[in-house]
Amino acid sequence: MSHELRTPLNSIIGFTGILLQELVGPLNPEQKKQMGMVRGSSGHLLELINDVLDISKIEAGQLQVGHEPVDLNTVALKVAATVQPLAQKKGLTLNCELPDGLEPLSSDRRRVEQILMNLLGNAIKFTDAGEVRMRVSPAGPDIRIEVIDTGIGIAPEHLDHLFQPFFQIDIGLTRKYGGTGLGLSISKRLTELLGGRIRVDSVLGRGSTFTVLLPRVEAIP
Amino acid sequence: MKAKILYIEDNETNMYLVTFILQAWGHEVFQASDGAEGVKTALGARPDLILLDIQLPGMDGYETTRRLRAEPDLAGIPIVALTSYAMAGDKEKAMAAGCDGYIEKPINPDTFITEIEQFLSDAP
């Protein structure tokens with residue numbers, strides 16, 4: 001299934017990239033602009049397909065998480081570096097508070113990265129001024145990761161639905177902010193598969209804090 | 001550096017795409033559409049690098065890698081798997097079969113050639 005969905009995209013993304021690199025020949029400005037739009041849309045479609053495949057695997061109980069030593073600071077810095085240009089583009093400060101001498105977790109590096117990417121991406125997306133902060137700290141048997149923003153915030157009546165698939169507060173937001181509407185539900189389920197918990201605190205108009213607790217050593221479910 | 005690269009892939013569009021990029025950067029490409037043909041072509045062409053799809057008809061990419069690795073004449077040739085958005089364990093399976101690395105599909109045309117040439121310069 002996953003192979004069939006992604007194979008056509010491989011060629012759309014690939015050939016668009018080749019044309020944009022002008023390996024075949026020069027493009028005029030309008031051609032470049034339109035090919036750039038194809039590239040943007042195909043990137044978004046890939047994101048959507050990856051998310052839908054993840055959520056369907058999770059719901060079918062088929063998603064397996066790995067167990068490997070994960071250095072959380074390295075993962076956090078990598079994700080921060082990836083989203084830094086987005087923050088910069090919006091004039092936001094991106095801060096990371098990471099503790100010294102953190103022991104590696106026993107977890108799934110790729111999935112931890114995916115969770116942090118979703119949370120930081122959201123925080124930047126829904127914040128127009130101020131800062132986004134990621135704070136990692138020990139919390140007993142767990143490690144706590146907080147992603148704190150000074151963004152639009154979430155009304156109390158929406159907090160319960162926030163982690164449901166395809167929930168975005170209104171269509172206008174989806175248009176304005178993009179995204180698949182699956183990021184938070186995937187993050188919640190992945191966190192749980194890794195033996196952890198995720199929680200949100202928010203004040204409408206003031207900002208949100210997403211808190212993820214991951215066990216240092218994964219409990220056997 | 002101009003290299004000889006064998007690409008084992010059953011999907012014609014992917015074959016065209018990757019071949020085009022590699023040739024555009026001056027490499028010589030040998031093509032095979034399944035594992036058995038891949039091993040045969042490798043023995044004839046003695047490439048500098050082997051790229052292979054994991055989901056091949058009949059003998060899959062893991063088994064093809066093991067067969068390639070069993071040929072003393074091909075020892076030392078880097079083998080790189082092209083995998084669909086790796087799930088937990090895919091990379092480990094590819095490495096356990098004898099691959100030297102993997103590149104995820106959809107390939108990123110902006111970084112693909114750099115990733116490939118990395119494996120060429122690492123070769124003994």
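Author: E22(A) is partly exposed, because its relative accessibility is 29%; buried means under 20% relative accessible area, exposed means over 50%, and partly exposed lies in between, with a 1.4 Å probe and protein chains only. The model is predicted, so that local features need pLDDT of at least 70 and side-chain atom pairs count only at pLDDT 80 or more, while totals for chains, interfaces and linings use all residues. Residues are numbered from 1 along each chain as its sequence is written, chains are lettered from A and ligands numbered from 1 in the order in which they are written, and side-chain values use heavy atoms, with hydrogens and water left out.

E22(A) belongs to the loop between α1 (2–20) and α2 (29–59) of chain A. Here helices (H or I, at least four residues) and strands (E, at least two) are DSSP runs, numbered from the N terminus. The phi of E22(A) is positive, at about 60°, although the residue is not a glycine. Most residues other than glycine have a negative phi, and most peptide bonds are trans.

With a relative accessible area of 3%, T16(A) is buried. Once its neighbours within four places in sequence are left aside, T16(A) is in contact with S11(A), M35(A), V38(A) and R39(A); contact means heavy atoms within 4.5 Å.

Two packed helices are described by the angle between their axes and the distance between the axes. The axes of α2(A) and α7(A), the latter made of residues 183–193, come within 10 Å and cross at roughly 40°. Such axes are lines fitted to C-alpha atoms, for helices over the stretch in contact, and angles run from 0 to 180 degrees between N-to-C directions. The two helices are therefore oblique to each other: angles under 35 degrees count as roughly parallel, over 145 as roughly antiparallel, 65 to 115 as roughly perpendicular, and the rest as oblique. The crossing of α2(A) and α7(A) is left-handed; a crossing has this hand if the near helix is turned anticlockwise from the far one by less than a right angle, and is right-handed if clockwise.

From α2(A), the residues D51(A), D54(A), I55(A), I58(A) and E59(A) take part, and they meet G183(A), S185(A), I186(A), R189(A), L190(A) and L193(A) of α7(A). Sorted by class, this contact has five nonpolar, two polar and four charged residues. In that scheme Ala, Val, Leu, Ile, Met, Phe, Trp, Tyr, Cys and Pro count as nonpolar, Asp, Glu, Lys and Arg as charged, and the others, Gly among them, as polar.

Elsewhere in chain A, strand β7 (residues 207–215) holds V212(A), which is buried at 1% relative accessibility. Its contacts, with neighbours within four places in sequence set aside, include T191(A), I143(A) and I198(A). V212(A) and L116(A) are 96 residues apart in sequence, yet 9.1 Å apart in space from C-alpha to C-alpha.

R46(B) is partly exposed, with a relative accessible area of 40%.

Strand β1 (residues 4–8) of chain B runs parallel to β3(B) and is joined to it by four bridges, and L6(B) stands opposite I50(B) in β3(B).

P106(B) lies in the loop between β5 (101–105) and α5 (112–122) of chain B.

Key
Pairing = 2+ DSSP bridges.
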